[in-house]
Amino acid sequence: MANHAVSLRRSRLRRYGTSYLMLVPFLGLFAGFLIWPLLNSLYLSFTSFDGIKPPTFTGLENFRRLLVEDERFRHALGNTSVYVAASVTLGTLLSLGLALAFNGSSWPHRVMRTIFFLPSVTSSIALMLMWKWIFFPSDVGLANTVLDWFGQKAVAWLATPGLTVPILVLMSVWGGMGYGMVLYVAGLGAIPEEYYEAARIDGASTWQQFRRITLPLLRPVTTYVVVTGLIGAFQVFEAVYIVFRGTNQIGGVLDSGLMIVPYLYDQGFTHFKLGYASAVAWVLFLIIFVISLVNLRLGRATKEL
Amino acid sequence: MRRLTAIGCIALLAATLTSCATSGQQQTEQADANAPASLSFWSTGGDDETAIFQKAADLYKRSHPNVTIKVQTLTWDDAYAKLLAAATSRTGPDIVSGGMTWMIQFGARGAMVDLRSHGLDALKAQAQPAQWDSAISPDGSVYGVPLDMSTFALYYRTDLLEKAGLGGPPKTWEELTDAIAKLRKAGVAKPYSQDWGNLDWIGYFNYLYQAGGGFYTDDCKPSLNTPQAEQALQYWVDLYRKHGAPTATVEGAEALDTGTALVVAGSWIAKGIDTGKPNLKGKWAMATLPAGPAGPTTFIGGRAIGVTAFSKYAKQGADFIKFLYGDEAIRAMVEEGKKRNLPYIPPRPDKIAESTFTPEQSAVFAQSIGSGKAAPGCPGWDESAPDVSKQLQAAILGKADVKTALAESAKIMERNAG
């Protein structure tokens, strides 16, 4: 019996040995640069660690402080929630709108798709610097120059707390809708033309065709666009860091642009609280995990309706 | 068997995690002081600044042939995080420079050498007293010493002041608000703006000390609940709310170029105005900040320099820092700085006249620095500063009254003081 098991293992090793060997470089990198830091950060989230002295185990203290006492975290969570809701909703709707408008194969449609997709393949740092220039407070800022043409007074775009989240949403939607559009165009292309023909024969209006055929058949694409959009939006960092960061504050004036990841960075890398920052990271992971799960379940549930 | 292997793996992982999450601190063994040494100096700033420190390092090598120092640039944006990464792994630079209070922060956690052990506390006699106090730890440890200085100045457009019938720049708070009103009356749409420290505690610092107040008492007790602090904040808030100072920050030279008559900005902008904004040539000048009821106290900033605790060459690093305070090194750095049109004020007040600025500009800075104060080095200030700035912003933006903003700031400072 034992001999049989050994020979089975040997033959399996002979058969798949080369494959396993070829997987080693990837597995090594995956374990070293993803799994290991992940587990390390999980451990650190239960410690007090300043990055220099050895960590001391503090149990759930970081999580207690974060969820019960930390007003700044709650502020960051509130800002992030508004930002996520607005940017994902608007981004998804505009992606779908663009896809419906430019899903043909004619060259003007292809040119338009390329133009809208360009921000997705451009360096996000360059894009953020461009936005910063647009909202530059002086007369050389594009937004204020345009206002000046119409005789309007200059606006302190980046120093007005009420404008911070709307500007972040604008930047996100503008930069991300081209990517969603490409996914929707692919989704639209996969819907068989026969469905529309049958609907037209049955007298369905354009709206009815859209409502009853296009939207339901695009559900997998919508789920993908929404879930990836949610994950990306929850992790917003560059926009806040580059456009709104002040001398002493990462979240801009009155923390109006403070989001979870910039807060995490601030705690970990400017306040030497790496244990606390790890706890923020794991809370963010749980939030994204639960929301994505709900979204996927909702997508599945509505499919079964 | 499989379950056993899995349990074994998890146990091994947990053990590795707990033991290796960080390597912990070890004492770094020092290299033979007479053997050839190659040191790495991470300089926070730009490449031109790196070049002037490299010049000093090359000069040092002439008298110390065994010691080679290579200076590398860290940008202000990511320097702090990179230094933290280096301190965590205990590898990287031997010498580092950065913000005035950085060395205190890193030193308190065991990442910097207390330079008193190498006799560098003697440099106190040569440094600007307030800046020195700001660079050393509250317990007296010297983890870093001032590397250079920066301060504020009032930059003004001579043509616009003339247009408003003003004979010269305002010298007091009253004259400042008066000048703003006159400029506005003369049709100057942008009479005043603040660049460095706009909506930030550094901006409030000048008014606070000029009113006779301070963030802390001499024995580090938070002291923002005072009539002086209130008077200063009220004046600063009024500059925004009554006199139209913009809340959005425009870089000093840019502000002057786009028609702002009076601009409060850092010393470093003086160097680039004529070259960066040629239209302004002959149309601008500078003066010290207008004085408050208690005097003209102005903020002194700058960078600090120290030796890392994980360097094998602490002795050589400390000796190089001492060398940087010498006449020969300062002269070499100033010469190189002038070639590169770089703003550089040496950390020695007696050498301000030899800075890379024009004699007139240097005279203004010498006057500001002479009566200047630096950032509070009290425990908890670094943690408090961003939240104090937020309270000040709330007052400026009309979300809180002056008294409440100061009371909240004092509470924050007390909480963080421990």
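The questions and answers below concern a predicted model.

Residues are numbered from 1 along each chain as its sequence is written, and chains are lettered from A and ligands numbered from 1 in the order in which they are written. Local features need pLDDT of at least 70, side-chain atom pairs count only at pLDDT 80 or more, and totals for chains, interfaces and linings use all residues.

Reader: What is the mean pLDDT of chain B?
Author: pLDDT is the predictor's confidence in each residue, from 0 to 100. In chain B, 94% of the residues reach 70 or more, while over residues 9–24 of chain B the value is below 50. The mean pLDDT of chain B is 91.

Reader: Which helix gives the most to the side of chain B that touches chain A?
Author: Two residues are in contact if their C-beta atoms, placed from the backbone, lie within 7 Å. The contact takes 36 residues from chain B and 28 residues from chain A. Helices (DSSP runs of H or I, at least four residues, numbered from the N terminus) that each supply at least two residues of the chain B side include H1 (2–20) and H3 (76–89). With seven residues, the helix that gives the most is H15(B).

Reader: At what angle do H2 and H13 of chain B pack?
Author: H2 covers residues 47–63 and H13 residues 327–339 of chain B, with their axes 9 Å apart. Axes are lines fitted to C-alpha atoms, for helices over the stretch in contact, and angles run from 0 to 180 degrees between N-to-C directions. The packing angle is about 140°.

Reader: Where is the kink in H7(A) centred?
Author: H7 of chain A has 29 residues (161–189), which at 1.5 Å a residue should span 42 Å, and its end C-alpha atoms are 43 Å apart, which agrees. That expected span is 1.5 Å times one less than the number of residues. The kink is about 35°, a bend being the angle between axes fitted to the seven residues ending at a residue and the seven starting there. The kink is centred on Gly176(A).
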